[in-house]
Amino acid sequence: MTPERVGNPLDDTTRTAVPPAGPPKEEKDQAYLIVLAGSAVGEMYKLEKDRTVMGRGEKVDVRLLDEGISREHAQILSEPEQMVLADMGSTNGTFCNGIRIDRHVLADGDKILLGSTTILKFTYHDKLDEMFQRQMSESALRDGLTKAFNKRYFSERLETEYTYSARHSTSLSLIFLDIDHFKKINDAHGHQGGDYVLTELASVVTGSLRPEDIFSRYGGEEFAIISRGTEINDAAVMAERLRGAVEGHDFVYEGKKIPVTVSVGVARVPDPSVTSPAELVAMADETMYKAKRAGRNQVCVRRP
């Protein structure tokens, strides 16, 4: 091709014309999985590895604890120019957009069904999309003040965990804790002081739990913790650790130290007297109030 002469016509230098640069192209090249339904609803997983395994086993990349999901159920493979969903010989199969698949090249927006209740959405996001999605998930699942899970999420997750525990004969512990004399804190320091105590307590408790424990604000100054696979003695030790952590923490609001303690109740299944998630909640709540009646700032344990 003959170079185009550009620039000053008196200049005898020959240069090749460079087309003007257009606006930068927005790229949505990061793949994600978003859980639309199931025990992990609202969770968002960035697919950064060449191979991402999904299932209910302890060593998978995306752990999903719903019924009907195999230990290593399916995988997503990062191949040149495409992402591929592949079943891993699961018992109940892997479905994409309602069709059972062995191997499927994923497109933005595909819906993946694993087990009986877990639905995931495959999508590509840029950083702003990711931030927005996480904010939406947080607002739907979290209490706005304390950032603990909200009561709705707690109820849905307890239903799933209780069903899993009953089917597989595994332990499931439920811990209820309530701030002692919270009305007096509000009266002495105002509602803003009370909100500070709630937020600070949530931070203290969260820092003392395992990643797999579900910490929720149940209502007012009452919180609940779902702890899968935890026997009653271990749950009692956990509850006492939480009680001590709260009592030993310095709650300081506007330069004034606020003494804060909690009363804690612990219940678990299997328990012959508990036949539903609602009964487990009632048992843990009743046990917590026994701790209050016994003098507060203590742990009371329901032993089957």
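In which helix is Glu247 found? Glu247 sits in helix 4 (residues 232-248), where helices are DSSP runs of H or I with at least four residues and strands are runs of E with at least two, numbered from the N terminus.

**A note on the model.** This is a predicted model, in which local features need pLDDT of at least 70, side-chain atom pairs count only at pLDDT 80 or more, and totals for chains, interfaces and linings use all residues. Residues are numbered from 1 along each chain as its sequence is written, and side-chain values use heavy atoms, with hydrogens and water left out.

**View 1. Glu247 and its contacts.** With 42% relative accessibility, Glu247 counts as partly exposed (buried is under 20% relative accessible area, exposed over 50%, partly exposed in between; 1.4 Å probe, protein chains only). Leaving aside residues up to four places away in sequence, Glu247 touches Val260, Thr261 and Asn297 (contact means heavy atoms within 4.5 Å). Val262 lies 15 residues from Glu247 in sequence, and their C-alpha atoms are 7.6 Å apart.

**View 2. Helix 2 meets helix 5.** The axes of helix 2 (residues 151-168) and helix 5 (residues 277-293) come within 9 Å and cross at roughly 110°; axes are lines fitted to C-alpha atoms over the stretch in contact, with angles from 0 to 180 degrees between N-to-C directions. The two helices are therefore roughly perpendicular (65 to 115 degrees). From helix 2, Phe154, Leu158, Glu159 and Tyr162 meet Pro277, Leu280 and Val281 of helix 5.

**View 3. The whole chain.** Five helices and 18 strands make up the count for the protein chain, and 44% of its 304 residues are buried.

Notes: Parallel < 35°, antiparallel > 145°, perpendicular 65-115°, else oblique.
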